[in-house]
Amino acid sequence: MSSYRIHGATGDWEVVIGLEVHAQITSNAKLFSGASTAFGAEPNTQVSLVDAAMPGMLPVLNAECVRQAVRTGMAIEAQINKYSRFDRKNYFYADLPQGYQISQLYHPIVGEGSLTIDADDKAGIPEDKIIGIERIHIEQDAGKLMHDQHPTMSYVDLNRVGVALMEIVSRPDMTSPAEAGAYVRKLRAILRYVGSCDGNMEEGSMRADVNVSVRKVGDPELGTRTETKNVNSVRFVMQTIEFEAQRQVDLIEDGGTVVQETRLFDPGTGTTRTMRSKEDAHDYRYFPDPDLLPLELGEDFLAECRASLPELPDAKRARYESELGLTPYNARELTAEVETFARYETLLAETARRAGKSEAEVATQVANWALSVAPGVFKSLGDDADPAYATAQAQAAILELQAAGAISGGQAKEIYEIVLKTGREPGEIAETEGLKQQSDTGAIELAVDEVIAANPDKVEQYRGGKDKLFGFFVGQTMKAMQGKANPAVVNDLLKAKLG
Amino acid sequence: MTDLTQLGIKPLRDGVAAGEFTAREVAEAFNAAVADASALNAFIVTTPDHALDAASKVDADRAAGKALGPMAGVPIGMKDLFCTQGVQTTAASHILEGFVPRYESTVSQKLWDAGAGMLGKLNLDQFAMGSSNETSHFGNVSSPWRRTGTNAPMSPGGSSGGSSAAVAARIAPAATGTDTGGSIRQPAAFTGICGIKPTYGRCSRWGVVAFASSLDQAGPMARSVEDCAIMLGAMAGFDPKDATSLKMDVPDWAAGLDGNLAGKTIGIPREYRMEGTDAAILDSWERGKQWLRDAGATIVDISLPHTKYALPAYYIIAPAEASSNLARYDGVRYGLRDLPDGAGLQDMYAETREAGFGDEVKRRILIGTYVLSAGFYDAYYTQAQKVRALVARDFEQAFAQCDLILAPTTPTASFPLGENSEDPLAMYLNDVFAVPASLAGLPAMSVPAMQNEGGLPLGLQLVGRPFDEQGVLNAGLAIEQRAGFSAQPDKWWC
Amino acid sequence: MSVDKATVTKIASLARIRMSDGELERMAPELSQILDWVEQLGEVDTAGVEPMTAVIPNSLRLRADVVDADPLTGGGRREDILANAPAAEHGFFGVPKVIE
Ligand SMILES: [Mg+2]
Ligand SMILES: [Zn+2]
């Protein structure tokens, strides 16, 4: 249980949060028309006669949108409804040409499921927590209004009208801004793994309606909730909750009551306010869309959806720990984002292949490289680094040299710096720049012998039980080798000779 | 030379193909007849050039030895519910006055592809809501028929009243209609012509201004059963743009026509014998049975127990769908905008819709809004859809005993304009026999049977199993052959 | 009577149709009469009956995810989209200013 509390004048309050996330389904064409979904086009250029709700126009369902919603449902282990229907939600607004949104109320395509948010002590999430997902339904997006182009008019752009959305409705299972943030991040990761939504919150591909209510700690009754619409970043979701929870507590403690209403978030001030345009629209007169028949999904279709699902974040993370032997921290970091694991897996495969080792043998080395070494080098170079040179081949070549003992960790960094600046080949850099360590036993043995001969007293003390002196001999040998000796070889030889 | 306007689809097409006359001569003859008949108010706009251009193309194709389509050389009237590219499309409403679509409905496009031309856009009840053609923003349509000894303008039926009037008056050889709850069959019956509503899904709804999506079906209105078969063949067919379109081959109904009904069983639904039905209507029904018997069919009594509830169910479902379908008329993207000084967006909607919709349209939008509103949805809409399922089940069970159903098309003959317009309920009762087949999506046709003592035409209705347009047309043909209906209205309008 | 003037006022507002007092007075009894009449459906025993979903037995057909496969249902036709607009400006539809 989260310990997030609002400390009011009359006592402590807890907050109850449910999220309705609208995620744009990745598809080429719109949900019910053939117009493109591409972002950023000139106004009203991606609008079909159907989207503009010209008289006599009819919707025809895009199969890909159905497939992606079903795959998403499978990814949250939800019930997939073989029978679903589309309903009309009726209301009047300038961004809604039909005068209704085609959505699914009575029979959504995806039923009950869940996702797990990960423990995060720093964020106040002491352990993993399962968040229920009530349903996922498919619906149409609305258009866009611009209010600042003309003194007395708003301008309407219908490009987004009819773009397919999944509305993913959580249970009111979250009790702190951090949990809500973690939920959105996890959901986003799952959608991106599945490929059903690009998760691009700046472009509006994912936005959340945030339902917040407060109650006295221990009160079994839920308070009246407000719904803040279209919040489009994780940070804003958290700010909305913080603001709303405090506002509601203040309101109640001042003797007021919370009104169930739709609110808008203002990113500039981090506050919310009543949404005037939605004031009177609460009777949506839902009924089954008579232009569309019931949607029935066959076993073959469902089997194909299931077969096309990739390994999902939780499974991948568990496998990284059990099969690759990564630490829980590394496993979590590497699986958090699609790009991160994709880069890691490519580099891991390439490194293992070059080194002639199993992936498990090099997994930790590659993980450390991918999570801290490589990003560190890259960052330190600033504009001097050319990202185009950061290829898997180049990095694997460095890791291979390191795994074979040909270069040290420090040399690996130095070589990578040069790679990022020049694009030169790591093996060639190691040769020409002398960035190699000595593994030739003969040369190292000579140095070891010299160090032992030069320090008879210390040898005496070491043999007498002063183990700590081992480091001194390593240091002396490395110094003699100008830092280019393979530390493993040095260790082995010293141990053998000192007895 | 023959009066070309006396000819229907088949003789016109065949005459053009045989070189007896040119398509252009046909178009000119009908254009002239249309121009002379403005007293009927059957057309909202006329498009003589469209008819002439299509005719010229047919004549050129013929001269070039090209194959001609099944409607080649036939100029038709187009109900103003079908969107026609470059030609104003209004649904007889003020709110769409001046709307010029940049697209062509699937059905009208198919007709042009089959070689037909357009005489103009036909008047109708506003948004196809009405049974008498008194709700058009562009004025009432007069039937060409008059009750013997009177001059009172009569209703051509509705909503396809412009279509029925034009075909009956011989100013168009045929016309398109749409039928939501009888809007092809009832006006056909009122004016002594044939009209068929095919199985729901046969004709694409794409580009047809929607009234009630789960009921709307297009169909032909013409002078003979055979003409209906030809024209329906040109209108029907799968359309990927309509999710309710049937993915089925279109049979060659015209080629399959056969008036011999040996081996067929015709059901007579006892519940259609309602109080208030005209004696003449009942007489026509009796004659119909005899004609079908003469054609070789067996007549059996059947029961459609939920008949009484079809009409009230219809008056929930159709307005509910309409209230939503008509939400798009909001003054933003096309059509009328009424924006008083200082009005906001929601005021603009309310003013525009107040000014743009007629009374009957408003009435139905309000009923539809009410029955869908919070707390009422289940009691009205869900119950109506359950009753609808029962109505459909009645038919299914009946069709286990018979192949086709024979019934009157309407409970009365045409009535004078204005007679029922004050009483919406009385008007709705006009469709009592037509609505059940609409609710069940079945193919149904009206064929002229006889005239009543006032000289007004009466129609008989045939209802078939889903997809059995052929059976319906064949039985229609059997009636047509025996009824020998050849009466024409006196030409008072020019 | 099923609906009074106040109810019709509310319904008209939901339907975005402005109605004068006179119209409301006239319309309320008409609507009441129609609603009273349709209420006879309540007599029908519909226990165990599923509401009709598809008029003709048929299930939903899906289309492939292809942009502008048919120009009639594709985009890229702004001029057609705006051609009939009462106020089209700079490629947009103009409406009275909305305060959100
Ligand atoms: Mg929502
Ligand atoms: Zn939604």
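Chain A and chain C bury about 4,100 Å² between them. Carbon and sulfur atoms give 60% of that area. The model is predicted. Three residues of chain A stand out: Leu49(A), Tyr155(A) and Leu293(A) supply 14% of the area that chain A buries against chain C. In terms of contacts, 60 residues of chain A meet 38 residues of chain C.

Polar interactions were counted next. Between chain A and chain C, 23 residue pairs are in polar contact, with both residues at pLDDT 80 or more. The count of salt bridges between the two chains is zero.

Several secondary-structure elements of chain A give two or more residues to the side that touches chain C. The strands are β3 (61–62), β9 (144–146), β10 (153–157) and β17 (295–296). Helix α1 (63–75) also belongs to this set. The most comes from β10(A), which gives five residues. By residue class, the side of chain A that touches chain C holds 32 nonpolar, 16 polar and twelve charged residues.

β3(A) is joined to β1 (residues 62–63) of chain C by two bridges. The two strands run parallel. Within this pairing, Leu61(A) has Leu62(C) of β1(C) as its bridge partner. β3(A) is also among the elements that give two or more residues to the side of chain A touching chain C.

Terms used
Residues numbered from 1 in each chain as written. Chains lettered and ligands numbered in written order. Predicted model: local features only at pLDDT ≥ 70, side-chain atom pairs only at ≥ 80, totals over all residues. Heavy atoms only, no water. Contact = heavy atoms within 4.5 Å. Buried area = accessible area lost by both parts, 1.4 Å probe. Salt bridge = Lys/Arg side-chain N within 4 Å of Asp/Glu carboxyl O. Polar contact = N/O pair within 3.5 Å; in protein donor to acceptor, adjacent residues only side chain to side chain. Helix = DSSP H or I, 4+ residues; strand = E, 2+ residues; numbered from the N terminus. Nonpolar A, V, L, I, M, F, W, Y, C, P; charged D, E, K, R; others polar. Pairing = 2+ DSSP bridges.
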